[in-house]
Amino acid sequence: MVKKSPTKRCGNGSNTMAKAAIIDIGTNTFHLLLVDYTRQSYTVLHREKQVVKLGKGGMQNQRIEQDAVTRALQALHLFAEICQSQSIERIDAFATSAVRSASNGKAFIALVKKETGIVIEQISGTREAELIYKGIRSFVPLGKEVSLLIDIGGGSTEFIIGNKDSSLWSKSFNLGVARMKETLPSTDPISPEDYKEIKQELSEALTPLWSAIAKWKPKSLIGSSGTFESLLKMLWKQLGKEPDLTQPNIFSTDEFSALHKKLVASTLEERLKLPGLAPMRAEYIVYGSILIETVLDHTRYSQITYSDHALKEGFLAELTQIE
């Protein structure tokens with residue numbers, strides 16, 4: 001893949017290939033991306049992900065629990081071994097919501113460095129949104145028209161309003177699916193009373209977003225990361241097919257609404273049997289779906305575009321100057 005742009009110089013400033021690893025330390029899942037890159041080009045060598053659930057049990061008291069630390073170290077030891085086996089020359093690791101909101105987040109970062117040699121950068125919600133915007137922009141052809149970009153994570157959800165030229169507005173909300181499951185009503189299936197309460201709390205929490213939408217009037221909706229990917233895969237499975245994730249995928253909001261009703265009415269046991277839904281997503285998908293529905297309550301989009309690129313690819317765009 002080669003793209004050209006007259007953007008700022010950064011990363012590997014020559015045409016010599018170098019090997020880099022990008023690690024996204026998410027609240028639920030850790031992702032590893034290995035690439036060979038030069039200035040303005042890259043080749044993906046390997047992708048790896050580990051379900052860690054770093055935020056599990058600690059969202060309410062703002063701590064990373066010891067069993068989560070153990071799982072994290074196991075995953076990062078594996079990532080370090082893969083990097084060593086591939087002779088990786090640089091590793092950039094980013095910690096997001098679970099770490100930045102934890103009182104022992106700095107201690108966790110220090111322990112990871114001591115145990116694995118991986119140096120983690122704890123990034124702000126603003127920086128996370130910036131990388132997500134760049135990642136989506138590198139994958140979805142944005143135009144002059146303004147779009148609403150949403151990345152639903154485990155600990156936070158980032159909303160960005162922008163076009164191909166720039167991000168006009170962005171904000172990170174502590175509304176990730178794992179955090180919502182631990183802090184909002186959690187009946188199974190969601191009772192009508194709890195459903196109403198969750199919708200009301202989300203609508204109030206997203207007040208700054210409604211103001212930004214009113215100001216910028218985004219014309220299209222683009223979603224990235226686990227919730228949107230799961231919805232896409234479930235919809236395609238209903239047709240007996242698999243989506244091609246090497247390109248943007250579109251599904252209608254009518255298709256989403258029909259699937260959303262099914263998810264809200266289902267138990268965890270029923271969701272675990274749904275084709276296209278990964279088991280680790282089954283306990284969280286309802287909250288992500290309710291969040292999307294809340295956004296659609298305040299907008300009039302007829303379709304949703306799924307982007308397979310987000311934070312990791314945003315940093316890769318910076319590294320290679322592909323912006």
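Student: In which sense do strand 6 and strand 9 pair?

Tutor: This is a predicted model: local features need pLDDT of at least 70, side-chain atom pairs count only at pLDDT 80 or more, and totals for chains, interfaces and linings use all residues. Residues are numbered from 1 along each chain as its sequence is written, and side-chain values use heavy atoms, leaving out hydrogens and water. Strands are DSSP runs of E, at least two residues, numbered from the N terminus, and two strands pair if DSSP finds at least two bridges between them. Strand 6 (147-152) and strand 9 (220-224) have 5 bridges, and their sense is parallel.

Student: Which strands stand at the edges of the sheet?

Tutor: The sheet is open, with 6 strands in the order 8-7-6-9-11-10 and mixed pairing. An edge strand here has a single partner, so one side is left without a neighbour in the sheet. That gives strand 8 (167-173) and strand 10 (249-252).

Student: Within what arc do the buried residues of helix 6 fall?

Tutor: Buried means under 20% relative accessible area, exposed over 50%, partly exposed in between (1.4 Å probe, protein chains only). Asp-194, Ile-198, Lys-199 and Leu-202 are buried, while Pro-192, Glu-193, Lys-196 and Glu-204 on the other side are exposed. The arc uses directions from the helix axis to the C-beta atoms. The buried residues line one face of helix 6, because they fall within an arc of 135°.

Methods
Helix = DSSP H or I, 4+ residues; strand = E, 2+ residues; numbered from the N terminus.
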